[in-house]
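Here's a quick tour of how the side chains pack in this one. Have the viewer open and follow along.

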Amino acid sequence: MNSQLQACIDQVEKDYAVDKKLLCDAFDAFIKLMDEGLTSKEQKRECMPMIPTFVSRIPTGKENGLYLAGDLGGTNFRVCSVRLNGDHTFSLTQSKSRIPSELMKGNQGLELFRYLAKKVGAFLKEHHADYSCATDGRLKLGFTFSFPVNQQALDKGTLIRWTKGFDLPNVVGKDIVELFQLQLDELDAPVDVVALANDTVGTLLLRAYSNDISKSNAHTVIGCIFGTGTNGAYFELADKIKKIDVPGNGMVINTEWGSFDNTLQVLPSNRFDTIVDSETANKGYHRFEKRISGMFLGELLRVTLKCLADDGQLFAKLKEKRGGSLPHRLEEPWQLDSQVLLYLEIDDSTELRMSGLILENELRLTTTFEERLAIRAITRAISKRAGLLSSIPIAAIVSRVKDRYKDDDRDFEVGCDGLVVEFYPGFQDRVYEGLGMIDALKGLNKKVYLRIAKDGSGVGAALCASTVDN
Ligand code: BGC
């Protein structure tokens, strides 16, 4: 790489750098913001939401029965029926559909719920036409709705705000279960939405259900997602949840950690982060998520490349050839899929020719070998930061629950789901590296393991529904 380009890349790496001090400061801040969120009744931008979920027990693996689940988490809606076998295992039947983009934005919020209800109806017709899973002719459905919701009961919760590209203002502040139930009733579907769950709650319940402690020797303490968005849930003790009266000894809390440090007191922030935030519908919110999750990694790379091109540091020849412009997929927001970063990172072909082809195909961007080296370095800087930052909430929650297990020598495990944690090369290693730097379990003979828990949002919702008595 020529020295001018090298200096520019060195600067970008600095812009995305995260060190031990930052992680430790952020770890302290996270614990403080957890307490503030558990105390404050008001939803303030500077607080983490820390939402009580009204799920008051963690599965043991002995639950059984047949339940329905609906799952709206991002671009897809899934309908599932789940048979819990009572021995840590389950079987699942499901169908998935892509949400039409016109239902994700605009003033037609109710249309979205009509669409979901229709999909449930079609699923029942196809897989349970005899309503074989019904009790008293009605079916119980757990609804995984993976957006910040102010939950007032297991089956009641109002939407705080949309994330992940959804923007339907007339749904904000409304009870999600009521909206969905109304549409199901209109279709005469014999279905009762009995539980509303976040995907992280489902992931926690699913992993706890599947975890046979006698074999794993580890307690499941967190359920989390590193996918299109990021978030985590854990069980909190009643006396710490000061903002509501908690019956029993505690409740699962949906932290909504995507909104950790919205006011950027400790999180790193560079000019590329500022641009990405300004392009989103939830500006100033979910700032942690915007540094970590799949929806934003691609956009961070696109914005970084575009800024360097505008500064004359990259793609100068290409621009000249094109009369001063860049390919439109580099110019326009949200045109670079995070999947591209994954391919760029695993490329070991001569002169990074595979990356060349991918950039050409995905962005219509012709590159030189030197430029590909630069793009790879930037990609690594972005994903390294994402992985290291992801260790902060895990370390904070583990440190918070550790005293409950002080007379127990088992390890801790974190149930995780999402494309980033499952497939992004090196992501899990970076999380472990960050956990090592923070060292939240110093002095204890315990380890933290990340365990992939797929289908939390389907099976977990069914587990939530299973907690409701007939
Ligand atoms: C949402 C969370 C969700 C997470 C992972 C975030 O954008 O606010 O509710 O759990 O994405 O899907």
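Predicted model: local features only at pLDDT ≥ 70, side-chain atom pairs only at ≥ 80, totals over all residues.

Start with the cores. The largest nonpolar core has 88 residues, and Trp257, Phe260, Phe315 and Ile394 touch the most other members. Helix α14 (residues 369–401) supplies the largest share of this core, 16 residues. Take Ile394: beyond its neighbours within four places in sequence, its contacts include Trp257, Val414, Leu435 and Leu450. There's also a second, separate core of 35 residues, with Trp162, Val177, Leu179 and Val191 among them.

Now for helix α13 (residues 353–363). Ser355, Gly356, Ile358, Leu359 and Leu363 are buried here. Down the axis of α13, the buried residues fall within an arc of 165°, so they line one face of the helix. Leu357 and Asn361, on the other side of α13, are exposed. The buried residues of α13 pack against α11 (328–331), α12 (338–346) and α14.

On to the rings: the model has 14 aromatic pairs. Here are two of them.

| Pair | Centre to centre | Angle between planes | Class |
|---|---|---|---|
| Phe143 and Phe180 | 4.6 Å | 50° | tilted |
| Tyr405 and Phe412 | 5.3 Å | 70° | edge-to-face |

Phe143 sits in strand β5 (residues 139–145) and Phe180 in helix α4 (residues 176–186), 37 residues apart. Phe143 is buried, at 0% relative accessible area, and Phe180 is buried at 0% too. Ring pairs link Phe143, Phe145, Phe147, Trp162, Phe166 and Phe180 into a cluster. Lys164 lies over the face of Phe147, 4.8 Å from the ring centre.

As for the other pair, Tyr405 and Phe412 are both buried, and the charged end of Lys446 sits over the Phe412 ring, 5.2 Å from its centre.

Definitions and conventions: Residues numbered from 1 in each chain as written. Heavy atoms only, no water. Core = buried A, V, L, I, M, F, W, Y, C linked by side-chain atoms within 4.5 Å. Buried < 20%, exposed > 50% of the residue type's maximum accessible area, 1.4 Å probe, protein only. Helix = DSSP H or I, 4+ residues; strand = E, 2+ residues; numbered from the N terminus. Contact = heavy atoms within 4.5 Å. Arc of directions from axis to C-beta. Phe/Tyr/Trp six-rings, centres within 6.5 Å; stacked < 30°, edge-to-face > 60°. Lys NZ or Arg CZ within 6 Å of the ring centre and 35° of its normal.
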